[in-house]
Amino acid sequence: MNNADIVGAHPLVLITGANSLLGTHVVLAITGRGYPVRALVRRRGSFSLEPHPGIEVVEGDFTDEGSLPGILTGCGAVIHVAACTGQGLSRYEEYHRVNVEATRKLLAASKRHGVKKFVYVSTANCFGFGSEADPGDETRPACHPFTDSYYARSKQQAQRLALDFSHSGKMQVVVVNPTFMLGPYGSRSGSNRIVLMGCGKVVFCPPGGKNFVHANDVADGVVRALARGVAGEAYLLCGENLSYTGFFHRMRTVTGSRPLCVTVPRFVLLGAGLFGNLLRTLGVANNFTLANMRILCVNNYYSGSKATTELGFSARPIEHAIADTLQWFGGVYDAINAQKKI
């Protein structure tokens, strides 16, 4: 791959949400291949990477349409990672404002400023999931319970407009759909929380499962989509399909610990979801909505065969992501090693 393959005469790549788990890995992946990056963050202090001559860190808000000309000037490509990802907001309007309307404006502004290629980072749940024997792929429409999730619904709308933008010939747009990501640079309250949960003596497991993938592998898939992705196409970036219990058992091979795994009955989770919905109707934001609890009860499994065939994408065993995550949260990792020595 070379710069001309990706962005023509303008090698500068804008990355929104550059301080997020995936955004940080994408910055590293892009600069590691010799491309200069403009890293867009809301607060400069939240950017965790060391200063680098190939990284221009810019404070800004992609939802502010007036700031987009300055942000986009000189960019040949955009990788749109930033989104409203919280699962507990009480109203859909905020998801729509950030994930749909702001994305629409960013697409239009990118076209006006001569951006050649735009990669939109969506979510796997814009497609229907499947079983371990018959995992979901890019041909399946989104299905229940994700159609009831405010986050997933907003991402599906944004993905649709991004692909429509490409199909109309306005600009080359490629969509990538990562599954559940783990890895360094994430926060304790984000997706990495599941790794920290597995460090306890007792782990309460939902009855379902999902596809787990290293954020670093996803970042490589994003770069491949930028270089090789077909305009107007979407690509699932997947790792391993595991039940929650299976995931915690795999953690044992990394940590050496043997926590007691207790499966939480479906009816308990659904009861909590009904209570969470009641709180939401009262305007109280919370993660225990019925949609979220139902999601924990399904086997949310996917296949990444399209990305493997067309992009050359591959993902390592999930133990790599677990180990890297624990090392990132060094104190937890050290505590586990201390326990193993006792």
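Which residues does Leu 107 touch, not counting residues up to four places away in sequence? They are Phe 118, Leu 161, Ala 162, Phe 165, Met 171 and Val 173, where contact means heavy atoms within 4.5 Å. This is a predicted model, in which local features need pLDDT of at least 70 and side-chain atom pairs count only at pLDDT 80 or more, while totals for chains, interfaces and linings use all residues. Residues are numbered from 1 along each chain as its sequence is written, and side-chain values use heavy atoms, leaving out hydrogens and water.

**Nonpolar cores**
- The largest nonpolar core has 44 residues, and Leu 107 is among those with the most contacts inside it, as are Leu 14, Leu 72 and Tyr 302.
- Such a core is a set of buried Ala, Val, Leu, Ile, Met, Phe, Trp, Tyr and Cys residues joined through side-chain atoms within 4.5 Å; buried means under 20% relative accessible area, exposed over 50%, and partly exposed in between (1.4 Å probe, protein chains only).
- Elements that each supply at least two residues of this core include helix H4 (92–112), strand S5 (117–121) and helix H5 (150–167); helices (H or I, at least four residues) and strands (E, at least two) are DSSP runs, numbered from the N terminus.
- A second, separate core of 38 residues includes Ala 18, Ile 30, Phe 47 and Val 223.

**Aromatic pairs**
- The whole structure has seven aromatic pairs; rings of Phe, Tyr and Trp (its six-membered ring) pair if their centres lie within 6.5 Å, with planes under 30 degrees apart counted as stacked, over 60 as edge-to-face and the rest as tilted.
- Tyr 95 and Tyr 150 form an edge-to-face pair, because their ring centres are 6.1 Å apart and their planes stand at 65°.
- Tyr 95 lies in H4 and Tyr 150 in H5, so this pair ties together parts that are 55 residues apart in sequence.
- Phe 212 and Phe 247 are stacked, because their ring centres are 4.4 Å apart and their planes are at 15°.
- Phe 180, Phe 212, Phe 247 and Phe 248 are linked into a cluster by ring pairs.

**Cysteines**
- There are zero disulfides, a disulfide being a pair of cysteine sulfur atoms within 2.5 Å.
- The sulfur of Cys 205 is too far for a bond because its closest cysteine sulfur, in Cys 261, is 4.2 Å away.
- Cys 205 is buried, with a relative accessible area of 0%, and belongs to the covered face of strand S8 (residues 202–205) along with Val 203.
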